[in-house]
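These are my notebook entries on a single protein chain. I set down what I looked up, entry by entry.

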Amino acid sequence: MPILYNEQDQTITLHTNHSSYQMKIGPCGLLVHTYYGPTAGGDMSWCLSFRDRGFSGNPYDAKTLRGISADTLPMEYPCEGSGDFRPPAFSLRRANGAVGCDLRFRSVKILPGKYSLPGLPAVYTDEAGAQTLEVTLADEAAGIEAVLQYGVLPELDVITWSARITNRGAEPVVLQAAASGALDLVSGDWDLLHFYGRHAGERAAARTEIGQREILIGSRRGTSSHQQNPFVILARQDATELAGECLGMSLLYSGSFSCNLGRDQFGTTRAVMGVQSEHFDYPLAPGESFQAPELALAYSASGLAHLSHLFHRMISQHVCRGPWKNRRRPVLLNNWEATGMDFTGEQILSIAKTAAELGVEMLVLDDGWFGARNNDNAGLGDWTVNTEKLGCTMGELAQKIRDMGMKFGLWIEPEMVNEDSELFRRHPDWALRIPGKPPVMGRNQLVLDFSRSEVVDEIFRQITDVLDECSADYVKMDMNRSITDVCSAVSGYQSQGKLLYQYVLGVYRFMDRLLERYPELLLEGCSGGGGRFDAGMLYYCPQIWCSDNTDAIDRIRIQYGTSFGYPLRTMGAHVSAVPNGDTRRRTPFHTRAVVAMAGTFGYELDLNLISDEEKAQVPVQIETFKKHWNLLHNGLFYRLTDVMKNRQEAAWMTVAEDGSEALVNIVVLDATGNSPNRFIRCMGLTPGASYRDEASGRIYDANALMTLGLPMPTVPHPRWPVQVTPCEYDAFQIHLTITD
């Protein structure tokens with residue numbers, strides 16, 4: 001059974017197919033953590049140390065047993081005020097202003113199936129073996145109950161966490177922290193892998209030792225952010241792509257978050273992850289509850305690549321929903337980098353005509369189609385079609401696109417408003433503002449209060465009127481600023497501290513309503529590119545625009561970091577024009593396509609303006625993507641080079657789960673004259689098998705490819721009859737198929 005409760009040993013053990021997780025009801029009802037790692041059994045509380053430690057306080061009911069302390073034990077859900085001075089998962093302010101809580105074990109319940117979270121994204125499954133564990137902790141004096149929820153998905157090798165906090169007392173309280181989960185590892189030297197960045201430079205991979213300190217990463221921006229991602233990895237210091245222990249934590253939440261990690265005075269490594277506690281003072285009246293977002297946990301004993309595979313499978317099949325999660329996405333062209341907001345309907349049709357002739361399957365009309373939206377200083381909030389600009393209605397434009405044989409999509413930014421808009425003039429109180437304080441502007445726009453149902457209802461009505469008219473096949477939902485001035489016009493002082501959480505739930509409600517109204521809609525997430533790229537958004541959007549930076553070389557690094565926690569099929573990636581608008585770099589048209597195929601694949605340029613030679617490549621690129629999309633989106637992904645360190649080449653590959661084929665992708669980052677021989681070591685092939693290079697016909701032994709490596713391809717010399725080293729930014733795709 002996935003969940004075993006041993007009343008005699010007072011242990012609760014969670015088993016997936018290849019891992020075990022154990023907690024124990026310890027002395028004084030303290031719930032302690034004993035183990036997380038490869039499959040194991042029995043009572044592992046022998047790892048606990050009950051020693052009298054100086055300045056580590058003891059529960060009152062421990063009396064003279066000074067070896068019992070929440071400050072020295074590995075706690076399952078640590079709380080402030082229990083004598084544990086390490087980072088807490090839970091903090092409570094009482095009605096009299098005192099801060100402190102002492103949660104003790106009360107009961108355990110095992111339920112069939114995997115729980116869901118109303119109003120919040122959560123991993124789902126119909127697997128018969130999945131189970132739910134509910135462990136109830138309580139502080140009787142404070143009247144607080146915490147139900148720790150665990151979902152065990154054996155086939156996925158995934159465990160999920162959440163916590164539901166309820167005020168069972170007679171007085172109101174305020175939650176100051178309510179994390180989704182905490183993990184105490186009593187042994188080992190661990191590194192943290194986190195994914196940092198900025199707008200147009202998201203999810204750079206960084207690896208740092210977790211030492212005798214606290215490390216805090218997260219976002220205070222109201223979104224999961226460009227700056228840090230709510231996915232982290234703890235890895236043994238000897239862990240590599242193919243070997244060593246590592247575990248990942250992915251928060252299914254799209255708002256401000258934090259992950260607090262550190263190694264304590266006695267060698268235990270703690271990680272606490274959940275909603276950011278800053279700007280979080282969540283009041284609970286008697287009888288009210290707070291539901292923490294879900295946190296997914298996975299363990300790998302065989303390196304980082306396998307850990308990524310676990311999260312890729314979880315997100316692809318058990319987070320993403322709807323008809324598009326397993327379909328090939330249409331090859332689209334978005335007009336943003338071609339025209340910006342300065343376009344006419346005639347220009348859009350001209351771009352669409354050439355795109356259709358070259359095999360593009362969908363035209364997406366980006367920002368600028370509504371209200372007085374000719375620049376980014378006006379119009380947001382007025383979701384009425386600018387028929388003068390388009391020269392027709394949106395329905396007529398969409399039909400003209402469809403008559404060319406393409407689908408039609410639209411860009412929206414529902415959470416934002418410009419002061420120069422009819423909506424703001426009618427409802428200035430709908431924007432988040434602090435009375436008497438000039439608001440902080442971002443892109444000259446304000447944030448609508450999506451915690452209020454009437455605001456969401458009005459924006460939903462306006463946008464669906466347009467979507468109904470044009471029967472849009474696709475919507476790109478953007479969000480282009482961080483949230484400041486966190487204050488609602490209708491919230492009292494005591495409820496401003498839950499505004500950001502309620503805002504995120506309002507965004508989720510909006511997306512859920514879109515999908516209910518348009519069940520075939522392909523919804524793409526976006527926040528200035530990758531500013532809200534998280535597993536929570538992927539519950540509603542099967543793909544997210546990976547970055548506003550479409551430079552192929554920068555995108556290699558962005559997509560590399562993203563791949564640790566998210567599958568290729570979720571990464572919106574397009575071929576754009578050169579010189580690139582962000583970097584001014586020029587890269588070959590073929591290279592841009594190879595990089596974009598490590599994502600959803602599409603175009604972000606005016607195909608009328610490219611050369612005839614490049615136009616001839618477009619149908620070939622599209623057919624190549626169609627040929628390999630199943631391998632790219634459903635195969636096992638391997639990072640062959642560390643692009644944060646290796647400046648010579650970037651290489652990655654996908655391998656069919658049955659090992660029958662593989663696609664190796666290589667981009668030259670640095671070319672030198674008369675260069676040394678270079679080899680790319682493959683991964684994931686079937687040991688002992690032989691593979692044929694589809695283009696050259698050459699046969700390779702799989703073991704040799706994974707040990708010696710694939711020789712770096714060469715190219716013909718432009719004047720002499722010899723093969724030479726490829727040029728900087730040249731790219732190659734090598735399709736390998738297993739031989740009989």
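I began with F601, which I found in the loop between α11 and β32 (602-604); helices (H or I, at least four residues) and strands (E, at least two) are DSSP runs, numbered from the N terminus. I noted a positive phi of about 70° for F601, although it is not a glycine. F601 is buried, with a relative accessible area of 1%; buried means under 20% relative accessible area, exposed over 50%, and partly exposed in between (1.4 Å probe, protein chains only).

Before going further I recorded the basis of the entries: this is a predicted model, in which local features need pLDDT of at least 70 and side-chain atom pairs count only at pLDDT 80 or more, while totals for chains, interfaces and linings use all residues. Residues are numbered from 1 along each chain as its sequence is written, and side-chain values use heavy atoms, with hydrogens and water left out.

I then looked up α11 itself, which covers residues 589-596. Seven of its eight residues are buried, so the helix is largely enclosed by the rest of the structure. I listed the buried ones as F589, T591, R592, A593, V594, V595 and A596. The loop between β31 (575-576) and α11 holds P579. There I found a cis peptide bond joining V578 and P579, with omega at about -5°.

Where does S225 lie? I placed S225 in the loop between β14 (214-219) and β15. S225 has a positive phi of about 90° and is not a glycine. S225 is buried, at a relative accessible area of 3%.

From β15 I moved to β16. Strand β15 (residues 231-236) and β16 run antiparallel and are joined by five bridges; two strands pair if DSSP finds at least two bridges between them. I noted that V232 stands opposite M249 in β16. Strand β21 (residues 294-300) also runs antiparallel to β16, with seven bridges joining them. In that pairing L247 stands opposite Y299 in β21.

Is β16 enclosed or open? Seven of the seven residues of β16 (residues 246-252) are buried, so the strand is largely enclosed by the rest of the structure. In a regular strand the side chains alternate between the two faces of the sheet. In β16, I recorded C246, G248, S250 and L252 as pointing one way and L247, M249 and L251 the other way, all of them buried.

**Entry: strand β24**

I next looked up β24 (residues 407-412), where five of the six residues are buried, so the strand is largely enclosed by the rest of the structure. Strand β23 (residues 362-365) runs parallel to β24, and four bridges join them. Strand β27 (residues 474-477) is likewise parallel to β24, with four bridges between them. I followed G409 through both pairings: G409 is the bridge partner of V364, and G409 stands opposite Y474 in β27.

I found T354 in helix α3 (residues 345-357). At 10% relative accessibility, T354 counts as buried. Which residues does T354 touch, not counting residues up to four places away in sequence? I recorded L607 and N608; contact means heavy atoms within 4.5 Å.

S91 belongs to strand β5 (residues 90-93) and counts as buried at 3% relative accessibility. S91 touches E80, V99, V174, L175, Q176 and A177, again not counting residues up to four places away in sequence. I also noted that S91 and A178 are 87 residues apart in sequence, yet 6.7 Å apart in space, C-alpha to C-alpha.

**Entry: the whole chain**

The C-alpha atoms fill a box of roughly 85 × 70 × 45 Å along the principal axes. Of the 740 residues, 62% count as buried. I noted finally that residues 24 or more positions apart account for 68% of the contacts with a separation of 6 or more.
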